[in-house]
Amino acid sequence: MNILSSVAPSKGLGRQIVSSVAILVLAIMMMVLLGSYAFYATLWMFYPAGLSSPDSWLPSPAEWGWIVATTLTGLAVAVWVAIRLSRRILAPLNSVATSLRQVAQGDLAARAATDDHSLGEATQLVNDFNTMAERLERVEQERIFWNAAIAHELRTPVTILRGRLQGLTEGIFHPDPALFASLLIQVEGLGRLIEDLRVVGLAESGHLQMQMQETDLRQEVMTVVKACESALLEKGFELSLALETRQAVCDPVRIRQALLALLENALRHATPGTLAIKTSSADGMHCLSVEDSGPGIDLTDAQTIFDAFQRGPLAPDAQQKGSGLGLAIVRAIAGAHHGTAGYTPSPMGGACFWLRWPA
């Protein structure tokens, strides 16, 4: 019988060790007791001369042999159980220690190993370490990705600004309002990019603060629509508004920022056609959605489209893809409102992006 298998795996490590030792002692005692009965019964029946004389306090040679054999057998069983028990405890701990040294040396792909025979708490330690190592590796990969993506996004406006300012310095360009206006556009775009990065960064760290207040959601939506209406109409979009007049508790500045991101996303990626902007309140939730006529999003893209620096397919006449932060900002703002953002296919044949938050 496997002594260690008698211990319930759900017990704590200390209880498992105590239980294993107690079972070991009990097993050896039973082995000695029952074996002694069998030994003396056999001698009494088949070899009475092997028994020690009644007036002698020293064991007979046969009894000495039984004592030595019993002691060696008990010692062998104890050593075997100790090896098995220590292996179940020390093997995962040694694996964690080795992996920790590898992680400390920069190898974030290191993982500890365990097996089905490890004790519960040792196995839990291995699992927790592997989870921590996976998170560290993912954080490092995200850091590398973000550094590269931010550098890429900042490089274009900075290069343009540097080139034109250098041209002004060297007299290649002549100062005029059109040139200064183009420089201002680049600076505004750079400022917008920095603000987008700040919002996404604050949201991921859990420090994006909201200024919640009673807000006329319809009025906030109309403010953004009026600001973007000319650009949308110029692209060939036809606006369809379905706005409820109900008051909503939200941060109006952030809600306007989220709607602006959704409209800019439609401007870059949607096919010109009907663009429906809707607000609604039901089941204790407020909802703001932007729905276009096409071309929609593949289901594989829909799973990652709200991640930072992820870009969907361009509309046929689009000139640039943007920073890839628009939908990430929408999700960040929805999350800061304790809500969610998502995508569903539109009955009009396109995409419907929405954000919901508690009333």
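Mentor: Helices α5 and α6 cross in a right-handed sense. Right-handed means that the near helix is turned clockwise from the far one by less than a right angle; anticlockwise is left-handed. This is a predicted model, in which local features need pLDDT of at least 70 and side-chain atom pairs pLDDT 80 or more, while totals for chains, interfaces and linings use all residues. Residues are numbered from 1 along each chain as its sequence is written, and side-chain values use heavy atoms, without hydrogens and water.

Helix α5 spans residues 217-235 and α6 spans 252-269. Helices are DSSP runs (H or I, at least four residues), numbered from the N terminus. The two axes come within 10 Å and cross at roughly 25°. Axes are lines fitted to C-alpha atoms over the stretch in contact, with angles from 0 to 180 degrees between N-to-C directions. α5 and α6 are therefore roughly parallel (under 35 degrees; over 145 is roughly antiparallel).

Contact means heavy atoms within 4.5 Å. On α5, the contact residues include Leu 217, Val 221, Val 224, Cys 228 and Lys 235. Their partners on α6 include Ile 255, Arg 256, Leu 259 and Leu 263. By class, this contact has twelve nonpolar, one polar and three charged residues. Nonpolar covers Ala, Val, Leu, Ile, Met, Phe, Trp, Tyr, Cys and Pro; charged covers Asp, Glu, Lys and Arg; the others, Gly among them, are polar.

α6 also meets α8, residues 326-336. Their axes come within 9 Å and cross at roughly 150°. That makes α6 roughly antiparallel to α8. This crossing is left-handed. From α6, Ala 258, Ala 261, Leu 262 and Asn 265 are among the residues in contact. α8 contributes Gly 326, Leu 327, Ile 329, Val 330 and Ile 333. The classes here are seven nonpolar, three polar and one charged.

Key. Helix = DSSP H or I, 4+ residues; strand = E, 2+ residues; numbered from the N terminus. Parallel < 35°, antiparallel > 145°, perpendicular 65-115°, else oblique.
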